[in-house]
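Let's take a friendly walk through a protein model together. Have a look at the picture, then read on.

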Amino acid sequence: LLTRVELAAGSGEQLLTLALSQLERTADVDYTLSVFASCPVSLAPVPQTLSQFAPVASGAWGPGTDGGRSSSGRFFENPQFCLEVAAEDDVQLTLNGPSSQSIGMRVFKGADGARVTSFRTEEAFAPKFFGKCFVTCIARALPPGKYTVVVATWDQGVHARFNLIASGSRAAPRLTPL
């Protein structure tokens with residue numbers, strides 16, 4: 001995997017987080033991370049602050065659940081999950097999928113953890129992009145309640161498996177398929 005990242009020069013310290021992930025861990029994988037830059041760069045591990053993990057919610061996009069991105073007319077046919085947060089907490093959602101697909105998610109509040117069928121339901125938080133096989137987002141001080149998570153591929157008609165992981169800084173959030 002070769003990635004080019006351009007950061008604006010002269011704008012002070014800038015942070016970029018790299019995340020390595022496998023959809024299914026079948027074996028340990030050795031890797032080398034090389035950074036080439038025209039200015040000083042430092043690398044450091046990200047501290048693990050969200051240590052309370054819910055069980056992994058595994059699922060699949062398939063016939064009838066392969067609606068594609070939010071601009072498609074079938075977005076709400078995608079798999080959905082109820083995310084339950086017991087008390088205000090920092091919550092991180094991580095979605096892993098096949099290496100050949102761009103994937104993403106949106107999180108809605110106001111449906112009380114039920115399936116969402118339109119964009120009239122208020123959005124709680126979401127990553128600002130789709131990622132190739134991996135996307136994550138963090139909501140700081142997320143109020144307690146039930147939220148609806150919609151996981152999607154960029155294209156409609158994609159049939160593939162995925163894992164959705166929720167973690168919190170104080171307590172493990174709960175994920176339930178809808």
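## A patch on the surface

Which residues form a nonpolar patch on the surface? They are Tyr 31, Leu 33, Val 35, Val 41 and Leu 43, and together they have about 520 Å² of accessible area. Keep in mind as you look that this is a predicted model.

Let's pick out one member of the patch. Leu 33 sits in the segment before strand E1, which covers residues 52-53. Its relative accessibility is 49%, so Leu 33 counts as partly exposed; a residue needs over 50% to be called exposed.

## Aromatic rings that pair up

Now turn to the ring-bearing side chains. How many aromatic pairs does the structure hold? There are eight. One of them joins Phe 75 and Phe 119, whose rings are stacked, with 5.7 Å from centre to centre and 15° between the planes. Phe 75 belongs to the loop between strand E2 (57-61) and strand E3 (80-85), while Phe 119 belongs to the loop between strand E5 (102-108) and strand E6 (123-125), so this pair ties together parts that are 44 residues apart in sequence. The two partners can also be described by their accessibility: Phe 75 is buried, with a relative accessible area of 2%, whereas Phe 119 is partly exposed, at 40%.

With Phe 108 it forms a tilted pair, 6.2 Å centre to centre and with 55° between the planes. Because Phe 108 lies in strand E5 and Phe 119 in the loop between E5 and E6, this pair ties together parts 11 residues apart in sequence. Is Phe 108 buried or exposed? Its relative accessibility is 1%, so Phe 108 counts as buried. Putting these rings together, Phe 75, Phe 76, Phe 108 and Phe 119 form one aromatic cluster.

## A buried threonine

Our last stop is Thr 148, found in strand E9 (residues 145-153). Why does Thr 148 count as buried? The reason is its relative accessibility of 0%, because buried means under 20%.

What does the side chain of Thr 148 reach? It reaches the backbone oxygen of Ala 114, at 2.6 Å. Leaving aside neighbours within four places in sequence, Thr 148 is in contact with several other residues, including Gln 80, Phe 81, Arg 106, Val 107, Gly 113 and Leu 178. Phe 108, a member of the aromatic cluster, is also among the contacts of Thr 148. See if you can find these residues in the picture!

How values were computed: Residues numbered from 1 in each chain as written. Predicted model: local features only at pLDDT ≥ 70, side-chain atom pairs only at ≥ 80, totals over all residues. Heavy atoms only, no water. Patch = residues over 30% accessible without salt bridge, like charges linked within 9 Å, V, L, I, M, F, W, Y side chains within 5 Å. Areas by Shrake-Rupley, 256 points an atom, 1.4 Å probe, with all protein chains shown as cover. Salt bridge = Lys/Arg side-chain N within 4 Å of Asp/Glu carboxyl O. Helix = DSSP H or I, 4+ residues; strand = E, 2+ residues; numbered from the N terminus. Buried < 20%, exposed > 50% of the residue type's maximum accessible area, 1.4 Å probe, protein only. Phe/Tyr/Trp six-rings, centres within 6.5 Å; stacked < 30°, edge-to-face > 60°. Polar contact = N/O pair within 3.5 Å; in protein donor to acceptor, adjacent residues only side chain to side chain. Contact = heavy atoms within 4.5 Å.
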